[in-house]
Amino acid sequence: MIINPPSAESLNEVALRLYFSAWSSLIGIIHDFELHFDVPGSADDDEDTWAEERKEYLEACQPELQSICTIVQQSNELALKARICEVSPYLLLLKSEPKFSTNGSDIEFSDLRTLDAVDLPGAVNTLSARPLSDEFVQTYNLFRSLRNKVAHLGSANAVFTPEDLLKKMLFQYQQLWPERMWLKEWVQAESNTRLSYFHDYSNSSPYADVFAQWPLALKFIGKSDFKRLFGVAKFQRRYLCLSCFRLGTTDWNDLRSDPVHTAFLVKGADRTCCFMCGEEVAVERSLCRQDHCKGNVICTDPEGENDGICLICGEDASGLAD
Ligand SMILES: [Zn+2]
Ligand SMILES: [Zn+2]
C-alpha cells in the first residue's frame, strides 16, 4: 500500500515557511540599500534621490531575486497541493500512472510522482471547493516565468523590483490563506528558521525578529492590502498588545523606546483586539499621565498585572514609577 501520504496542514506549514523566508529576504534586500544610502522615502516616491544607485543595486540583486522567485514558486506549488490534499492526497497522483506490483510491499508517497506545477491551478479549480481567481493564476504563472527570466531584466528597463515582488506576495497570501492571520503566521515561520535556535525569549524571540522588520514591511503594505490583511484601515489608531509587546521585548531588541502597536479598538466595545495574536483585552478611556504620552486607552485588568497600563506607551498610566 501507499504509506505516509501528506496532510494539507503539513504542506501548508512548509509553504508558509518558504513564503516568509522569501518575504524576509526581500525586506533584507531593501533594508541593506537603505542602511547604506540613508533613504528617507522609497522607490515609489516621485523624487528618488538615489535612483541611479538603486538601479545599479537592482542589477546586483538579480541572482538573489531569481532565487527568491524560485522559493515563492515552491511555496505556491505546495499551497496549491495543500488545497488538493484537503479533498484527498491521492488526487495529487493523478496523471502519474503508477506501476502496479503483485509483491505487496509498501510504497512511500514521497517516492511517487505528483502533479506537475503547470497543472496545479487547473487541478485546484477542478477538484477543490475553493477555486483560485484568474488574477492569482496570473501571478502564479508570473513567478514561474520570472524565475527563469530575472537574470536578463536588470540591465535596461527592469520590469519589477523587490518592492513589486513584496506587493505581489501580499496579494498571493490573501488568495492562498485568507483564513490565517498574516502576522501570526510570520511569527510562526520565524520560529522555524535557523535563528530559532537562539530564541530564548531573553535575548531574542520570533516576535522580536518580526518587530525588527515590521517598520520596513509596513512601508510596502498599502492601504487596501492592510485593510484586507488585518481587517482595519491603515490610518486607524493602533495600540499595544501587551502580550505580543512583552514577547517581542528582549535584551537585544528593547521595544520600550519605540513600541510596535498591533491592536486596534473594536468598534462599539470597550476592548482592543490584536491583529498579531488575536487576543482581546478590556480597556477604559482615561488620560495617561506619563510625560510626553498622549495615550487615552488604558488596560483594565483588575485581577492581573496589566491593570492601568497605557496601551500607547506601555507604562503605568497613573504616572507613578514602578
Ligand atoms: Zn498580540
Ligand atoms: Zn502612556
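How many residues of domain 1 are in contact with how many residues of domain 2? The legends below begin with this contact region.

**Figure 1. Contact between domain 1 and domain 2 in the predicted model.** In this predicted model, 20 residues of domain 1 are in contact with 16 residues of domain 2. The domain assignment places residues 2-179 in domain 1 and residues 181-322 in domain 2. A distance of 29 Å separates the C-alpha centres of domain 1 and domain 2. Along the principal axes, the C-alpha atoms of the protein fill a box of roughly 80 × 55 × 40 Å.

**Figure 2. The site of the zinc ion (ligand 2).** Four protein donors, Cys288 (SG), Cys293 (SG), Cys310 (SG) and Cys313 (SG), lie 2.3 to 2.4 Å from the zinc ion (ligand 2). The site is tetrahedral, with angles of 107 to 113° among the four donor atoms. For four tetrahedral donors, the ideal angle at a metal is 109.5 degrees. Along the chain, the donors of the zinc ion (ligand 2) follow the spacing C-x4-C-x16-C-x2-C. Both Cys288 and Cys293 are buried.

Figure 3. When neighbours within four places in sequence are set aside, Ser204 is in contact with Phe198, His199, Thr250 and Trp252.

**Figure 4. Confidence along the protein.** The mean pLDDT of the protein is 88, and 91% of the residues reach 70 or more. Among the helices and strands, confidence is highest in strand β4 (residues 271-274), with a mean of 97, and lowest in helix α4 (residues 134-149), with a mean of 85. Over residues 154-158 the pLDDT is below 50, and this stretch has seven contacts in the model beyond near neighbours in sequence. Where pLDDT is low, the predicted coordinates should not be read in detail.

**Figure 5. Secondary structure, burial and surface of the protein.** The protein contains nine helices and six strands. Of its 322 residues, 45% are buried. Among contacts with a separation of 6 or more, 63% join residues 24 or more positions apart. The protein exposes about 17400 Å², of which carbon and sulfur atoms supply 51%.

Technical notes:
Residues numbered from 1 in each chain as written. Chains lettered and ligands numbered in written order. Predicted model: local features only at pLDDT ≥ 70, side-chain atom pairs only at ≥ 80, totals over all residues. Heavy atoms only, no water. Contact = heavy atoms within 4.5 Å. Donors = N, O, S within 2.8 Å, 3.2 Å for Na, K, Ca; no water. Tetrahedral: all angles 85-135°; square planar, octahedral: opposite > 155°, others 65-115°. Buried < 20%, exposed > 50% of the residue type's maximum accessible area, 1.4 Å probe, protein only. pLDDT = per-residue confidence, 0-100. Helix = DSSP H or I, 4+ residues; strand = E, 2+ residues; numbered from the N terminus. Areas by Shrake-Rupley, 256 points an atom, 1.4 Å probe, with all protein chains shown as cover. Domains from an automatic or database assignment.
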